[in-house]
Amino acid sequence: MLETVATALIPGLDEIVRHGDPKRRAEALRRITELFVEEAAKLRSDHVDLFDGVLGGLIPNTEVAARVDLAERLSHVANAPRVLVGQLARENDLMIAGPLLRRSPAIDEAELIEIARAKGQGHLLAMAERPKLSPDLTDVIVRRGDREVVRRAAGNAGAAFSQIGYSTLIKRASKDGVLTLKVGQRDDLSEAQLRNLLEGTIDVIRRRLFEVVKPERQADIKRAMSKINGVPEVVESRRDFVPAQRTILALHRSGGLNEAALLGFAKAHQYEEAVAALSAMSGVKLATLDRLISGDRHDPVLILGKTIGLEWATVRALILLRLGPNRVPAPADIEIQRVNFARLMPSTAERVVNFWQARQSA
């Protein structure tokens, strides 16, 4: 019946298939595709096979624009003709193959893997955007894909990765900060994998990752960094900054809020007062500073000190404050921080503080 309908819709269809010029083929292709899309939800598998044969016979020598339109239409149809879809998905022209590789549910897993193994980066990039990616497919994508392809796959929440796939991602992330951020935000990343990821990256990327992940992942990062650094995990307590803020406000009104007062708070291990003073002197919100300073790194103290022009003695006292009264750092560690502070350019520190301020007001 459908064959009769197609023949009635397009007189001389057999002749067009055998000898039609590209324009006649394109018109026939368009009209039969419209018929198929309209009826797709009602069609049995044998009817779909009929369309597969008719449309497949029209494809050779058809204009590119017609094949692009056909691929786009079929990419949304669950029961699209499988042979035809596979044929179009293997086209070198990404205008044709791309829509099908990105979303067509009619391409099965084995066919996708075959295409991923054979085609170039454009085809891999299109596949990396599919709503769902199996571990077998991502194994091929992360092994063969270039930087852009792998980043796209890692950022795809619908992608699943095998242990081998994750190992490859983490290895590649050691040389790609953007990839580190994408992998580090994945919900299916285990704590062991997170620790391996953090071990292979630099401090600035670790800090950036901490800022962009969900709160529960921030806790995972802290635990991972504690294990990497060999330091017992610090459990944060809820701090009451209200009395400290009153103290700092009174100092400010009396003209006594200065570096000497800050140094006094640090030496007396008055954490709340010291952080409240730093907030008032730098313009960074107290909550932001508390989170940064109570983290795993000394860098925020160095950056703040350089930005507001503190002497090394005050910066050193703040480092000791954040460690707590019961932890005495090795002299070599303090010397490293002194050198880092001396080398830190004020302009660089100011840019970082400006970034913090922009983030807190976003």
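pLDDT is the predictor's confidence in each residue, on a scale from 0 to 100. This model is predicted, so colour the chain by that score before going further.

**Confidence.** The chain averages a pLDDT of 83, and 86% of the residues score at least 70. Where pLDDT is low, the predicted coordinates should not be read in detail.

**Nonpolar cores.** Now select L74, L88, L101, M127 and L169. Within the largest nonpolar core, which has 66 residues, these five touch the most other members. Centre on L74: leaving aside neighbours within four places in sequence, L74 is in contact with F36, A80, P81, L84, V85, L88 and L100. Another core, of 36 residues, lies apart from the largest one; to find it, select L278, I293, A349 and V353, which are among its members. In soluble globular proteins, nonpolar side chains tend to be buried together.

**A loop residue.** Finish at N156, in the loop between α11 (147–154) and α12 (163–173). Is N156 buried or exposed? Its relative accessible area is 12%, under the 20% cut-off, so N156 counts as buried. Not counting residues up to four places away in sequence, show what N156 touches: A128, E129, R130, P131, L133 and R186.

How values were computed:
Residues numbered from 1 in each chain as written. Predicted model: local features only at pLDDT ≥ 70, side-chain atom pairs only at ≥ 80, totals over all residues. Heavy atoms only, no water. Helix = DSSP H or I, 4+ residues; strand = E, 2+ residues; numbered from the N terminus. Buried < 20%, exposed > 50% of the residue type's maximum accessible area, 1.4 Å probe, protein only. Contact = heavy atoms within 4.5 Å. Core = buried A, V, L, I, M, F, W, Y, C linked by side-chain atoms within 4.5 Å.
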